[in-house]
Amino acid sequence: MKLSTKGRYSLQTLVYLATCRENCSIRSISEATGISSGYLEQLMIPLRKAELVEAERGVQGGYRLARPDITCQEVLSASEGDFEPVPCKGCERTDACKTHQIWALLQSAVVDFSKQVTIAELASHLVESEAGGGI
Amino acid sequence: MEGPIALSIVAQRQKLSEKYLQQVALLLTRNNFLLSVKGSGGGYLLSRSPEQIFIYDVLDVLEGNIAFEELPQGEESAIERSIRLHFYQKLDQEVKKVFEGLTLAEVTKAEWFTYVI
C-alpha cells in the first residue's frame with residue numbers, strides 16, 4: 001500500500017526526536033535521517049499544527065516531541081490527512097455498494113492498528129537493537 | 001453459473017466508464033480472476049467459483065501490492081528498520097488477519113456487512 005514519502009519521513013523524524021534528550025536542530029535531524037533540511041522544514045508544518053512537535057527559538061532552540069504518547073496514527077493523520085484507500089465520499093452508490101464495505105474494513109484495520117503503535121515504542125526498539133548506535 | 005457478462009453492461013449497471021473497466025478487467029484476467037470469452041455474446045466470467053476467490057488477493061492485485069512494508073533499497077538506517085519491523089510489517093499482518101478467509105462469495109451476500117462492522 002502506498003504511503004507517501006511525506007508520511008514515511010514524518011514517522012522517521014518523530015522516532016528520531018523521541019531518542020533526543022534535548023531540542024533537536026533541523027540540521028541534526030537531517031544528519032540522522034538523511035532527509036534534507038528543506039524537506040524537514042516542510043514536514044514540520046503539519047506536525048506542529050497538529051501539536052505533535054514543539055519548536056523553540058534561540059541558541060538552545062530546535063524541535064522536540066510535544067508529548068510522549070504520540071501514536072503512528074496521529075503522525076500519519078497529520079502528515080497525510082485521513083487514510084482513505086478509496087475516495088468514496090460523495091459517491092451516490094455508497095449505501096448499495098458492497099466494495100465500499102471492503103474499503104471501510106481495510107481503512108479501520110489500518111487506522112485501529114496505527115493507534116496502538118506509539119513513536120516511543122518504535123524508538124525503544126531502536127535503543128534495544130542498536131544501543132543508540134546508528135543514530 | 002450465468003454466461004459471460006459484457007463490460008458495457010457492467011459499466012451501465014455500476015455507472016462506471018467502460019474504458020476504465022477494460023483496464024481493470026485486463027488486470028484481473030492476467031491474474032486469473034477472470035476469464036475472457038471472445039465473440040458475440042462474449043464478455044467476462046469468474047475463473048472459479050466466488051467461494052474460491054479471496055478478497056485479499058484481489059486487493060493485492062488491484063492496488064499493485066497491498067503491503068505497507070517496503071524492502072530496503074540499499075543501506076537501511078536503524079530508524080527505518082525499527083519502523084519497518086515494528087510498524088509496517090505488523091500493520092501488514094493486521095490487514096491480512098482482517099481479510100483472512102474472506103471470499104467474494106461472502107462479500108456478495110447482502111448480510112455481509114452487518115456482521116463485520
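Me: How do β1 and β2 of chain B pair?
Reply: Strand β1 (residues 34-37) of chain B and strand β2 (residues 43-46) of chain B run antiparallel, with four bridges. Strands here are DSSP runs of E, at least two residues, helices are H or I runs of at least four, both numbered from the N terminus, and pairing takes at least two DSSP bridges. This is a predicted model, where local features need pLDDT of at least 70, side-chain atom pairs count only at pLDDT 80 or more, and totals for chains, interfaces and linings use all residues. Residues are numbered from 1 along each chain as written, chains are lettered from A and ligands numbered from 1 in written order, and side-chain values use heavy atoms, leaving out hydrogens and water.

Me: Which residue does Val37(B) stand opposite?
Reply: Gly43(B), in β2(B).

Me: And what's in the turn?
Reply: Five residues separate β1(B) and β2(B) in this hairpin, and Gly39(B) in the turn has a positive phi of about 90 degrees.

Me: Switching to chain A, how many helices and strands?
Reply: Chain A has six helices and two strands, in the order α-α-α-β-β-α-α-α.

Me: At what angle do α1(A) and α3(A) pack?
Reply: About 85 degrees, between α1 (residues 5-18) of chain A and α3 (residues 37-49) of chain A, with axes 10 Å apart. Axes are lines fitted to C-alpha atoms over the stretch in contact, and angles run from 0 to 180 degrees between N-to-C directions.

Me: How much of chain A is buried?
Reply: Buried residues are 43% of its 135, buried being under 20% relative accessible area with a 1.4 Å probe, protein chains only.

Terms used
Buried < 20%, exposed > 50% of the residue type's maximum accessible area, 1.4 Å probe, protein only.
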